[in-house]
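Open the structure in your viewer and keep the selection tool at hand. Each stop below says what to select and what is there.

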Amino acid sequence: MPGRSINTLTLSSVCTSEDLTGNPTADSFDYKTFFVKVGLNSKSKDQVAKVFGILDQDRSGFIEEEELKLFLKNFSAGARALTDAETKAFLAAGDSDGDGKIGVDGKTAFIKMIIPAFENS
């Protein structure tokens, strides 16, 4: 979605109604599908780094589990929190050193999660 920021995306176009209502069906959120549908997979490294900064709510330089749990709320205040299973799967994909958070090295892993072509750059 060229020209649109993380704050102006419409969740209804990329999530199921269950994701929005708070009644998910068996861990329905898939971060890979979400990234593609909102166009994050076609953004530059710098743009993805900005998304990292938005998700890092406490500005610690890390995205912790509690920040990931509230991931959808960064797009719409009325969205649900991710389930524990969804959050853990999301975190595991970006936690490059096993410390339970996505940080300095994980930022690169976060970019690689979103833009697979960056894995070879």
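**Before starting**

The model is predicted, so local features need pLDDT of at least 70 and side-chain atom pairs count only at pLDDT 80 or more, while totals for chains, interfaces and linings use all residues. Residues are numbered from 1 along each chain as its sequence is written, and side-chain values use heavy atoms, with hydrogens and water left out.

**Stop 1**

A search of the whole structure finds 9 aromatic pairs. Rings of Phe, Tyr and Trp (its six-membered ring) pair if their centres lie within 6.5 Å; planes under 30 degrees apart are stacked, over 60 edge-to-face, and the rest tilted.

Select Phe-29 and Phe-34: they make a tilted pair, 5.5 Å centre to centre with 55° between the planes. Phe-29 has 9% relative accessibility and counts as buried; Phe-34, at 2%, is buried too. Buried means under 20% relative accessible area, exposed over 50%, and partly exposed in between (1.4 Å probe, protein chains only).

With Phe-29 it forms a tilted pair, 5.7 Å between centres and 55° between planes. This pair links distant parts of the chain, 42 residues apart: Phe-29 is in the loop between α1 (17-21) and α2 (31-37), and Phe-71 is in the loop between α4 (65-69) and α5 (84-94). Helices (H or I, at least four residues) are DSSP runs, numbered from the N terminus.

**Stop 2: the nonpolar core**

Which residues touch the most other members of the largest nonpolar core? They are Phe-29, Phe-34, Phe-35, Phe-71, Phe-90 and Phe-110, out of 24 residues. A nonpolar core is a set of buried Ala, Val, Leu, Ile, Met, Phe, Trp, Tyr and Cys residues joined through side-chain atoms within 4.5 Å. Color α2, α3 (45-55), α5 and α6 (104-114), each of which supplies at least two residues of this core.

Center on Phe-35. Leaving out residues up to four places away in sequence, Phe-35 touches Leu-40, Asn-41, Phe-71, Phe-90, Phe-110, Met-113 and Ile-114 (contact means heavy atoms within 4.5 Å).

**Stop 3: a charge over a ring**

Select Lys-101 and Phe-62. The charged end of Lys-101 sits over the ring of Phe-62, 4.2 Å from its centre. The rule asks for NZ of Lys or CZ of Arg within 6 Å of the ring centre and within 35 degrees of the ring normal.

**Stop 4: salt bridges**

The count comes to 3 salt bridges, each a side-chain nitrogen of Lys or Arg within 4 Å of a carboxyl oxygen of Asp or Glu.

- Select Glu-65 and Lys-88, which meet at 3.0 Å, N to O. Glu-65 lies in helix α4 and Lys-88 in helix α5, so the bridge ties together parts 23 residues apart in sequence. Glu-65 is partly exposed at 25%, as is Lys-88 at 48%.
- Select Lys-69 and Asp-84, at 2.5 Å, N to O. This pair also joins helix α4, with Lys-69, to helix α5, with Asp-84, 15 residues apart in sequence. Lys-69 is buried at 14%, whereas Asp-84 is partly exposed at 46%.
- Select Glu-86 and Arg-80, at 2.9 Å, N to O. Glu-86 is buried at 4%, and Arg-80 is buried at 5%.
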